[in-house]
Amino acid sequence: TEEVLHQQDKLAAVGQLAAGVAHEIRNPLTTMKGYTEFLQLEETHEERQEYLSIILDEIDRVNNIVEDFMVLAKPKAAELEERDIIPIIKNVVSFLEFEARNRNVKIGFEYQQDIIQIECDENRLKQVLLNFIKNGIEAMPDGGNITVRAGIINNQVQIAIKDTGVGIPQEKLKNIGEPFFTTKKNGNGLGLMVSFKIIESHNGKVFIESELNKGTTFNIVLPAKSA
Ligand code: ADP
Ligand code: MG
């Protein structure tokens with residue numbers, strides 16, 4: 001019946017995703033294997049340096065996939081618990097500050113209330129914030145500013161992540177969040193798909209505002225924990 005079909009659809013979707021992820025991981029492994037074999041041959045110093053930097057790039061690529069998917073590796077359902085999001089956001093911001101500074105990016109955090117309680121799976125919410133802020137940093141190749149704002153509006157918790165980056169062209173907006181949609185040389189197009197699913201599992205929504213060469217804002221809206 002319908003429920004069974006639904007399950008089969010889901011399994012098919014999981015199978016496609018797994019095949020896609022396997023492909024994303026196999027490509028860099030194939031490249032690394034090839035260049036490691038070149039390294040074994042007698043080559044000049046310059047050539048060796050070039051091969052090593054390709055290999056390091058590919059290691060980054062695999063590492064990014066693992067990072068974007070980290071929390072989903074745990075096969076349990078999202079566990080919602082009452083938490084204050086302020087320290088959660090502070091934690092993610094300080095985790096990314098070193099990388100941001102290296103790329104000339106400043107991250108600011110502004111909040112309306114000292115405590116903002118929501119029902120959330122803390123690790124998964126951290127994953128979402130990490131993915132959004134990382135994308136913001138990557139959208140500003142010459143540096144810039146990321147502003148994270150948190151507040152309660154109309155009894156809903158709003159977290160906005162704003163960057164001063166390249167923006168998203170109107171015609172690309174519909175592709176945002178599709179698995180494997182990426183415009184980056186070393187991207188995998190999995191981070192937003194994972195993030196949107198996590199927000200959905202929190203009964204929340206994500207709204208995107210973007211202007212070319214001005215920047216992009218990802219607005220997360222989540223139900224507030226009523227006092
Ligand atoms: P990846 O970062 O590996 O490309 P994501 O799923 O995180 O995959 O993002 C998918 C695509 O969405 C990016 O390649 C980029 O084109 C676009 N995008 C996401 N965030 C931003 C942003 N803050 N500014 C501009 N483009 C963005
Ligand atoms: Mg990303």
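This is a predicted model: local features need pLDDT of at least 70, side-chain atom pairs count only at pLDDT 80 or more; totals for chains, interfaces and linings use all residues.
Residues are numbered from 1 along each chain as its sequence is written, and chains are lettered from A and ligands numbered from 1 in the order in which they are written.

The protein contains five helices and seven strands, where helices (H or I, at least four residues) and strands (E, at least two) are DSSP runs numbered from the N terminus. Along the sequence these elements follow the pattern α-α-β-α-β-β-α-β-β-α-β-β. Of the 227 residues, 24% count as buried, a residue being buried if 20 or more other C-beta atoms, placed from the backbone, lie within 10 Å of its own. Among contacts with a separation of 6 or more, 71% join residues 24 or more positions apart, a contact requiring C-beta atoms, placed from the backbone, within 7 Å.

Helix H3 (residues 85-102) packs on helix H4 (residues 122-138) at an angle of about 35 degrees, with the axes 10 Å apart; axes are lines fitted to C-alpha atoms, for helices over the stretch in contact, and angles run from 0 to 180 degrees between N-to-C directions. The contact brings Ile88, Ile89, Asn91, Val92, Leu96, Glu99 and Ala100 of H3 against Glu122, Leu125, Lys126, Leu129, Leu130, Ile133, Lys134 and Ile137 of H4. These residues divide into ten nonpolar, one polar and four charged, with Ala, Val, Leu, Ile, Met, Phe, Trp, Tyr, Cys and Pro counted as nonpolar, Asp, Glu, Lys and Arg as charged, and the others, Gly among them, as polar.

H4 also packs against helix H5 (191-201), their axes coming within 9 Å and crossing at roughly 140 degrees. The two helices are therefore oblique to each other, the class left for angles that are not under 35 degrees (roughly parallel), over 145 (roughly antiparallel) or 65 to 115 (roughly perpendicular). In this contact, Arg124, Gln127, Val128, Asn131, Phe132 and Asn135 of H4 meet Gly191, Leu192, Val194, Ser195, Ile198 and Ile199 of H5, giving six nonpolar, five polar and one charged residue.

Ligand 1 is surrounded by 22 residues, of which Asn135, Ala139, Thr182, Gly187 and Gly191 are the closest; a residue is near a molecule if its C-beta atom, placed from the backbone, lies within 6 Å of it. H4 and H5 each supply at least two residues of this shell, which comprises eight nonpolar, twelve polar and two charged residues.

Terms used. Two residues are in contact if their C-beta atoms, placed from the backbone, lie within 7 Å. A residue is buried if 20 or more other C-beta atoms lie within 10 Å of its own, exposed if 12 or fewer, and partly exposed in between; C-beta atoms are placed from the backbone.
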